[in-house]
Amino acid sequence: MAHHLRTSRVIKLLILCLLATVVVVIVLAIQPVIQETSCQCTTNRNTHTGFESGKGHQLAIIVPFRDRFEQLQEFVPHIHQFLNAQKIRHVIYVINQVDKYRFNRGSLINIGFLQSREESDYIAMHDVDLLPMNPDLSYSFPRNGPFHVAAPNLHPKYHYDDFVGGILLVANDHFQMLNGMSNKFWGWGREDDEFYRRIIDAKLTVTRPTGITTGENGTFKHVHDEKIISRDMIQTVEQKKNAKRDRKTGLDTMNYTVVSKNNLHIEGAECIVVNVRLHCDTKSTPWCELPYSVKQLIKLHKLQPEEQKTWLQQRLNNVERVIMARRVADEKPSATQRSDR
């Protein structure tokens, strides 16, 4: 009898436990997912391990960009790791030109500054195809004036004294004081040389790395391949005449549209891609568009040798047809000549 009572109590206890479990499961099922609504997250996307959010300086890497995604895939994780090693708080802005006009590096850097100035206090004007390899290259805040990381004695390609391209660090206050970069330089080159003149006119001093012993062949990795991506090196006559110091355009004359803005993650490193459409005043800078004949020559340059021969032969045939048509027209007697006969 006693054994029967104990068995009955055990069964009742098991039933109660089962009912309690069911109740708990039901209660949990109808509750909201608290983890998603009460996350203790920082709003600063660029606060990395070992960095103090909100203290010190923050660098905005400004990458003027068009049609170089393979280089971007290598650049973003590399520069992210390089700056983390120096404990440089940073954000990477990729300013992607999506309009029909020629590439305008100066305008894209201006846009990058305008996009980033609220969260960063200095910028790095940074080519996507130039990767720093020497850990002693400093990206710290350039307190005393622009700091040219890619110095002429270190850059793998450009070695003239006034060169300030490749990678240049500039404090926001100084960049604003200089009115940014010129917007007149469509196509590749010369915008950096004009910016150097702005720096000199403002009586600022460009400083460069010292004590770097890796030289021009070991300090940077230059990943540009002319066979894959050719540069728009064409200089029209008007463009050459206007390659002097520009005192009319800069940050205060920017004319552009932000098409979209998205975060992109590459191998765990984040960048912000800003797709922009530049607007060109064809009266003041008609060289923002190339003449049709020049575009045809560029098209020819991109073709394979056999395709180039075919392309040229087709145009020679067209020229011959035009010449023959003119000869026929010249040989055909005019109405006046026929009446005289």
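Modeller: Strands (E, at least two residues) and helices (H or I, at least four) are DSSP runs, numbered from the N terminus. This is a predicted model, so local features need pLDDT of at least 70 and side-chain atom pairs count only at 80 or more, while totals for chains, interfaces and linings use all residues. Residues are numbered from 1 along each chain as its sequence is written, and side-chain values use heavy atoms, with hydrogens and water left out.

Colleague: Why do you say that strand 3 and strand 6 pair?

Modeller: Strand 3 (residues 122-126) and strand 6 (residues 167-171) have five bridges, in the antiparallel sense. The rule asks for at least two, so they count as a pair. Across that pairing, His126 stands opposite Ile167.

Colleague: And what order do the strands of the open sheet have?

Modeller: Its seven strands run 5-6-3-1-2-9-8, with mixed pairing.

Colleague: What makes strand 5 and strand 8 edge strands?

Modeller: Strand 5 (147-148) and strand 8 (256-266) each pair on one side only.

Colleague: Why is His126 called buried?

Modeller: Buried means under 20% relative accessible area (1.4 Å probe, protein chains only). His126 has 0%, so it counts as buried.

Colleague: Which residues is His126 in contact with?

Modeller: Contact means heavy atoms within 4.5 Å. Leaving aside neighbours within four places in sequence, the partners of His126 include Ile61, Val63, Phe75, Tyr139 and Ile167.

Colleague: What do the buried residues of helix 6 pack against?

Modeller: Helix 4, strand 3, strand 6 and helix 5 (172-177). Among those buried residues are Phe195, Tyr196 and Ile199.

Conventions: Buried means under 20% relative accessible area, exposed over 50%, partly exposed in between (1.4 Å probe, protein chains only).
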